[in-house]
Amino acid sequence: MDDKERRLANSAHDLFLQQGFKHTSIAQIARHADVAVGTFYNFYASKDDIFVRIYNAENERVKAEILARVDLTDDPATVVKTVVQEIFTCSADNQILQEWFTNPKLNNIIAQTNQSAVEESLVYATLMKLIDQWRRTGKLKEGLDQDRIISLFNALTVVDFHQSEIQTDSYYQLLNDLIASILLFILK
């Protein structure tokens, strides 16, 4: 990454984290990075473009921290519920991650750009390992192959990508109910 691009990314991260997306301008990002506004456009097409990149990096960073704190050898239901709860808790305190829940326009852009990247995420890779571990330790019901289990968890990702379209004031509870149903279906 070029030095100016790195400075712009760091500045955008800092400003989005402090002020949120709406209250951060390209001019502020450029000024904070000590570059001209025109230089911004050498690396990014728009404020949305840099935000999506910053969001994706922040999302993976936070999830890596969460996974490092969770005992992945614990009971499967506890592991999954703890990870999801931690994701919501950490997101509530992070203005970058909050945009997913509060900004339907950005939610849509992130969802469109990230649907193919789900399988590359740390959470997905960890889930694959957990399913193997649960199978080895006899915690999964017979007859469920890994693809079917992954498909169930991928359905949660689709729901989350479209959470702004779901008409409920208790989205977190809905997600917990779906997770509980999946766990009830796959675990002995």
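Biologist: Where is the place of Thr-24?

Modeller: Thr-24 lies in the loop that runs between helix H1 (3-19) and helix H2 (26-33); helices are DSSP runs of H or I, at least four residues long, numbered from the N terminus. The model is predicted, so local features need pLDDT of at least 70 and side-chain atom pairs 80 or more, while totals for chains, interfaces and linings use all residues. Residues are numbered from 1 along each chain as its sequence is written, and side-chain values use heavy atoms, without hydrogens or water.

With a relative accessible area of 2%, Thr-24 is buried (under 20%, with a 1.4 Å probe and protein chains only). Leaving aside residues up to four places away in sequence, Thr-24 touches Leu-15, Phe-16, Gln-19, Ile-29 and Lys-47 (heavy atoms within 4.5 Å).

For context, consider another element. In helix H6 (residues 95-102), the buried residues are Ile-96, Leu-97, Glu-99 and Trp-100. These residues lie on the same side of H6, because they cover an arc of only 140° around the axis. At the start of H6, a side-chain oxygen of Asn-94 comes to within 2.9 Å of the backbone nitrogen of Ile-96.

Elsewhere, helix H9 (residues 146-161) packs against helix H10 (residues 171-186) at an angle of about 175°, and their axes are 11 Å apart. H9 and H10 are therefore roughly antiparallel (an angle over 145 degrees).

Methods: Axes fitted to C-alpha atoms, helices over the stretch in contact; angles between N-to-C directions. Helix = DSSP H or I, 4+ residues; strand = E, 2+ residues; numbered from the N terminus. Parallel < 35°, antiparallel > 145°, perpendicular 65-115°, else oblique. Buried < 20%, exposed > 50% of the residue type's maximum accessible area, 1.4 Å probe, protein only. Arc of directions from axis to C-beta. Polar contact = N/O pair within 3.5 Å; in protein donor to acceptor, adjacent residues only side chain to side chain.
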